[in-house]
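Let us walk through this structure step by step. Keep the sequence and the 3D view side by side as you read.

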Amino acid sequence: MRTVPARLHVLLAREAATAVVIRRGPSRHVAVIGWDRATDTFEIGQWLCGRIYERRCDLSPDGVHLIYFAMNGRWRSRAKGSWTAISRAPYLEALTLLPKGDCWNGGGLFLSSRKYWVNGGACHGTLQDESRLTRVSDYPWSESYGGECPGVYYIRLQRDGWAMKSTGPERGDQVTLFEKRLSGHWRLRKRAYASVVRRQGRGCYFDEHQLWNARTEAATDLPDWEWADVDGERLVWAERGRLFAGEIGASGLANTRQLYDFNPLCFERLVAPY
């Protein structure tokens, strides 16, 4: 039986040199790990026996708070089996806890380090609210991509500098192309899939990446990259459960190095320090 590497998704803070890595694997175990991007050091926050919908999550610009949507299927619990929460990154212990009861909508986005919006907010209850942040009720954007993962994820990508270039059906999938400028004539392309078919290790929503040479109009496919973004002067990406960094020179990707291998991590019961 083929072993599926840990699946990774990363949230970069816009105004601080921090990030949160969401690591999934096996399918019902997920960990949140803090990443100090100035030193490339990592801190394991907490694990959840359940699922975090990473494309409906966000990190506040200052890197202090995490908003996430999670499901553990305990439908008779106080959190109703699925919930949106705000915690102190990189932990999951909820400061604000909004029970949901199903997996439609959920999650949200930060408008600033002090204000946030909840996806499908009217469908949530309020069990506690101790984050001292302000919740915005009105929909803040002109674009809309539905209430599921693209409805949060595509807004987050565009907010963070990704240009939406095209969207349309491809062999039964809806594929949306995003692009972000690297150095010189190089671009990073992200093909975001919304599929009705679950692929092993990917699910219904997943991304593929390319390096695009705008001068020659040639693309380099990167089929193993499940997440990638620009971090200052470098390119960072996740591949087969590991996080990497590299530089873009005139001829393309160079000076690559592994930052961390998340595959060996195993479930631990950890307590948040608050």
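Two residues are in contact when heavy atoms of theirs lie within 4.5 Å. Hold on to that cut-off for the chain as a whole. Take the contacts in the protein chain with a separation of 6 or more: residues 24 or more positions apart account for 43% of them. The model shown here is predicted.

Start with the overall picture. The protein chain has one helix and 22 strands. Its radius of gyration is 18 Å, close to the 19 Å that the globule rule gives for 274 residues, so the chain is as compact as a globular protein of that length. Along the principal axes, the C-alpha atoms fill a box of roughly 55 × 40 × 40 Å. Of the 274 residues, 52% count as buried. The accessible surface of the chain comes to about 13100 Å². Carbon and sulfur atoms hold 47% of that surface.

Strand 3 spans residues 29–36 and pairs with strand 4 in the antiparallel sense. Eight bridges link strand 3 and strand 4. Within this pair, I33 stands opposite I44 of strand 4.

Next, move to a loop. S113 sits in the loop between strand 10 (108–110) and strand 11 (115–118). Is S113 buried or exposed? Its relative accessible area is 14%. Buried means under 20%, so S113 is buried. What does S113 touch, leaving aside its neighbours within four places in sequence? The residues in contact with S113 are E15, S60, P61, D62 and L133. A polar atom of the S113 side chain lies 3.1 Å from the backbone nitrogen of D62.

The buried residues in helix 1 are C149, P150, G151, V152, Y153, Y154, I155, R156 and L157. Just after helix 1 comes G161, which takes a positive phi of about 100°.

A hairpin follows. Strand 14 (residues 163–170) and strand 15 pair in the antiparallel sense, over seven bridges. E170 stands opposite D173 of strand 15. Two residues lie between the strands of this hairpin, and R171 takes a positive phi near 50° there. Strand 15 runs over residues 173–181 and is mostly covered. Seven of its nine residues are buried.

Stay in strand 15 and find E179. A polar contact of 2.8 Å joins the side chains of E179 and R189. R189 is also one of the residues in contact with E179 once neighbours within four places in sequence are left aside.

V230 is found in strand 19 (residues 225–231). V230 and L188 are 42 residues apart in sequence, yet their C-alpha atoms are 8.4 Å apart in space. What is V230 in contact with, leaving aside its neighbours within four places in sequence? The residues are L12, K180, R181 and L182.

Finish with another hairpin. Strand 21 (residues 242–249) and strand 22 (residues 252–261) run antiparallel, and seven bridges join them. F244 of this pair stands opposite Q258 in strand 22. The hairpin passes from strand 21 to strand 22 through two residues.

Terms used: Residues are numbered from 1 along each chain as its sequence is written. This is a predicted model: local features need pLDDT of at least 70, side-chain atom pairs count only at pLDDT 80 or more; totals for chains, interfaces and linings use all residues. Side-chain values use heavy atoms; hydrogens and water are left out. Buried means under 20% relative accessible area, exposed over 50%, partly exposed in between (1.4 Å probe, protein chains only). Helices (H or I, at least four residues) and strands (E, at least two) are DSSP runs, numbered from the N terminus. Two strands pair if DSSP finds at least two bridges between them. A polar contact is a pair of N or O atoms within 3.5 Å; within protein, one must be able to donate a hydrogen and the other to accept it, and residues adjacent in sequence count only if both atoms are side-chain atoms. The radius of gyration is taken over C-alpha atoms; the globule rule is 2.2 Å times the number of residues to the power 0.38. Accessible areas come from the Shrake-Rupley method with a 1.4 Å probe; for residues, only the protein chains shown count as cover.
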